[in-house]
Amino acid sequence: MSSSTASSLMGMEKPERFDPSIAHLTHVPRRHYGRWIASALILAAFAYVIKAFAEGQIDWTVVGQFFTAQSIISGLGNTIIMTVCAMALGIALGVLFAIMVMSPNPVLKGVAVFYIWFFRGTPLLLQLLIWFNLALVFPRIGIPGLFEARMVDVMTPFVATLLGLGINQGAYTAEVVRSGILSVDAGQTEAAKAIGMTRLTTLRRIVLPQAMRVIIPPVGNEVISMVKLTSIASVIGFAEVLRNAQTIYFANARVIELLIVSAGWYLIIVTVLSIAQHFLERYFAKGSGRRSRPMVRPAVES
């Protein structure tokens, strides 16, 4: 046996000796009484809620009747369309103003900082009301001599909702995009400049594809939140699913039934979007996992 093999054997830890004095002891698992009590309380509360809904004054046949009613389906379509349009506008503005915030131009940076500060600092409901009542400030819109129109005709509930939700979302998305850009190693940007890439080309082909792994999770959450935020637009008359449900229960007094219908459709949309977000995150996370290094066995001389 060589000296290296002997030294490696001497360095091995000796197995612990069995102590016969504890042979008679039995292993008793730890009792988690707090967990059992908390679980029992949660199950009791859950059963109470189910019992209350089952025995309450709820006509479940009305829920099934209006779940696929034409007015509800029409409002659902408006909710989905508004979510897609507002998020598209918000993502476009978010990317633009994130780039402007990181720009060395002080004017562009100042405008972007003011935009993010203003639209993140005021309530969304207030912004929707301002957009919808913008005719009080600008009675007419257009270029004199070419085309003009009344602001009341232009600023419909759909347009006011789109501008309110989209521009507000852009302020939050700008910070998300900026954090994603900052997560990319600066050395890659320097390498791109060294081979002659412009700043925009580097951003489009190198930085943003890698930043998507950081950007996708919060933006996916914002999409889910946008589905629910469209319900706020009911105050300015936008015919989304909750607004149409309110119109129906004002007529037939079936308040809780129509609210359950609206909640059911919101849950269905959010569930579908959550599944889509999961697969999208997996797609952009390819290659980002840490791989364990293969174990290298030391050579033992015979």
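Axes here are lines fitted to C-alpha atoms, for helices over the stretch in contact. The model is predicted.

**Helix packing**

Helix 4 (residues 70-101) packs against helix 12 (residues 255-284) at an angle of about 40 degrees, and their axes lie 12 Å apart. That angle makes helix 4 oblique to helix 12. The crossing is right-handed. Helix 4 brings Ile72, Ile73, Leu76, Thr79 and Ile80 to the contact, while helix 12 brings Leu258, Val261, Trp265, Tyr266 and Ile269. By class, nine of these contact residues are nonpolar, one is polar and none is charged.

**Pockets**

The lining of the largest pocket consists of Ile99, Met102, Ile181, Leu182, Val184, Ala186, Thr189, Lys193, Arg199, Thr202, Leu203 and Val207. Helix 8 (157-182), helix 9 (186-194) and helix 10 (199-229) each give two or more residues to this lining. Helix 10 gives the most, with four residues.

The second largest pocket is lined by Ile91, Ile216, Val219, Gly220, Val223, Ile224, Leu273, Ala276, Gln277 and Leu280. Two or more of these residues come from helix 10, and two or more from helix 12. Helix 10 supplies the largest share of the lining of the second largest pocket, five residues.

Methods
Residues are numbered from 1 along each chain as its sequence is written. This is a predicted model: local features need pLDDT of at least 70, side-chain atom pairs count only at pLDDT 80 or more; totals for chains, interfaces and linings use all residues. Side-chain values use heavy atoms; hydrogens and water are left out. Axes are lines fitted to C-alpha atoms, for helices over the stretch in contact, and angles run from 0 to 180 degrees between N-to-C directions. Angles under 35 degrees count as roughly parallel, over 145 as roughly antiparallel, 65 to 115 as roughly perpendicular and the rest as oblique. A crossing is left-handed if the near helix is turned anticlockwise from the far one by less than a right angle, and right-handed if clockwise. Contact means heavy atoms within 4.5 Å. Ala, Val, Leu, Ile, Met, Phe, Trp, Tyr, Cys and Pro count as nonpolar, Asp, Glu, Lys and Arg as charged, and the others, Gly among them, as polar. On a 1 Å grid over the protein atoms alone, a cavity is a set of points where a 1.4 Å probe fits but cannot get out, and a pocket is an open set with protein on both sides within 12 Å along at least five of seven lines; lining residues have an atom within 4 Å of a point.
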